[in-house]
Amino acid sequence: MLKNLIGIIAVFFLIVSVSSCREDFSTTISTSDHLRFSKDTLYLDTIFSNIGSSTYQMKVYNQSDKDISIPQVNLEKGDNSYFRLNVNGRSGKMLNDVEILANDSIFVFVEVTADIKNLSQNDLEFLYTDKLIFDHASSQQEVQLVSLIKDAVFLFPERYPDGTTETLLLGLDADGEEIRIDGFYLEDNALTMTDEKPYVIYGFAGIPPQKTLEIQPGARLHFHDNSGLIAANQASIHAIGDYSSDAELLENEIIFESDRLEPEYSDVPGQWNSIWLTQGSTNHKFEHVTIKNASVGLLMDSNDGTANPTLQIKNTQIYNSSNVGLLARTGHVVAENLVINNSGQASLNLSLGGIYDFKHSTFANYWQNSYREFPSVLIENKLETQDQIFVADLKADFSNCIIYGNENIELLYSISDQANFDVNFDHSLIRFNDYSNKYADEAIYDFSDSSIYQNLILNENPEFKKPFDNELIISDESSANGTANPVTANQVPLDLLGVNRTSNPDMGAYQSILFEED
């Protein structure tokens, strides 16, 4: 019996002895040679004051053949840091005993939220930095953390003590119930927007009745999810920018976009709602403006009933709308050097009639995010709902314009014979490749009919520079080069970039250039 017990104990100690010699079960304190980082500096891009950043990540690699235990991973500024960490599933600003298996890696996730007023009393932007420190027994390694914090003017609905939020009344539904959206009216002191600070808007910012929102050159308006501008009855928006000398900075351009400043969000459609010109609003002017990444760039509900255009839009670009770039219902619009591209439905939808005059404008659609069933330009003198069909007279003139895209048919009409439908195209390039002859029997698509179409170029490539990237300037080899009507060109003597077009004018919003080879 004693012999058996001694034998069992001997075998036990033998197992323990062999196990303790296995390197894959041993843990050692790391040295600087053992850790490698996917980044030596982690840039968190630009954020607005008091708005949290996206989550950024990096990897830490254990290059040794032994498991490593890092005694401490911490932010240099400790609890006072505005950065936040999650290291291999553990959150905090100082973490002890972080393990990495042999020849393995872990993720480090970093976020930042900072109030610029706690960093600087006078600066409009502040480069905020910290260090992520990996503290070893024998050495210390660091990763730099960098983010630019921008000051801004924040505009938002009031939140009441009961938890509800301020709303704007849109009207009544069929049952007499109020229709409301989260929003607020701008105070008088907010009705002039400058380039001093960007504006960050939550909910719909309403321009009150009888008031005008003046937006000056260089202003930047950033909208949170489901936010926008809305003009009330007899209200106006005057967004008047100017030509910019720097094509990258666009220092004098007025820009409407999302409040997400990270590069990966720069061209994502549908990040905010719309600029909504409601029925009864009046005298809207947009010049040298860029509207990007909305659901509907400009939504126009009817006209103001006067002989003057309700919307004048010049030298303006509308990009990456998840639904429609410019949607006008019974609108009255005059446009020059207007460019619209990349829309989930139509780039331009003239719906339920109206009066329209487009000169030297480019309407394209190179949407790639999903299937697109609508053309670049859809023109209608009717609006169908579940219960009935509404109709209204329509007159639309296009001169020296380009209508193109990555589908075969980029111009369509929806016509009711219960209302007038009057369209005219002069010196314009259109893509309408009806290869299946679907529209062969519809007289409105007879492009040889000179009562509707004059000096048309059909189905020839305009040779845009980079249409999928919203670069719609045309090449010197374009079919639109030198083919515009000089009479119209003299009415709009400068192109979107300020180039004179009175001699040998081109169709579209841009004079052609010689493309450099990449």
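## The enclosed cavity

In this predicted model, the structure holds one cavity of 30 Å³ or more, a cavity being a set of points, on a 1 Å grid over the protein atoms alone, where a 1.4 Å probe fits but cannot get out. The largest cavity contains about 60 Å³ of space, where a volume is the space filled by probe spheres set on grid points that are joined across faces, edges and corners.

Its lining (residues with an atom within 4 Å of a point) is formed by Thr46, Ile47, Phe48, Ile51, Gly52, Ser53, Asp259, Arg260, Leu261 and Glu262. Four of these residues are nonpolar, three polar and three charged; Ala, Val, Leu, Ile, Met, Phe, Trp, Tyr, Cys and Pro count as nonpolar, Asp, Glu, Lys and Arg as charged, and the others, Gly among them, as polar.

## The second largest pocket

Of its 15 lining residues, Glu407, Asn408, Ile409, Leu412 and Tyr439 lie nearest its centre, and the lining comprises seven nonpolar, three polar and five charged residues.

## Asn400

Asn400 is buried, at a relative accessible area of 0%, where buried means under 20% (1.4 Å probe, protein chains only). Its contacts (heavy atoms within 4.5 Å), leaving aside neighbours within four places in sequence, include His360, Asp426, Asn485 and Met507. The side chain of Asn400 reaches the backbone nitrogen of Asn485 at 2.7 Å.

## Basis of the values

Residues are numbered from 1 along each chain as its sequence is written, and side-chain values use heavy atoms, with hydrogens and water left out. Because the model is predicted, local features need pLDDT of at least 70 and side-chain atom pairs count only at pLDDT 80 or more, whereas totals for chains, interfaces and linings use all residues.

Terms used. On a 1 Å grid over the protein atoms alone, a cavity is a set of points where a 1.4 Å probe fits but cannot get out, and a pocket is an open set with protein on both sides within 12 Å along at least five of seven lines; lining residues have an atom within 4 Å of a point. Buried means under 20% relative accessible area, exposed over 50%, partly exposed in between (1.4 Å probe, protein chains only). A polar contact is a pair of N or O atoms within 3.5 Å; within protein, one must be able to donate a hydrogen and the other to accept it, and residues adjacent in sequence count only if both atoms are side-chain atoms.
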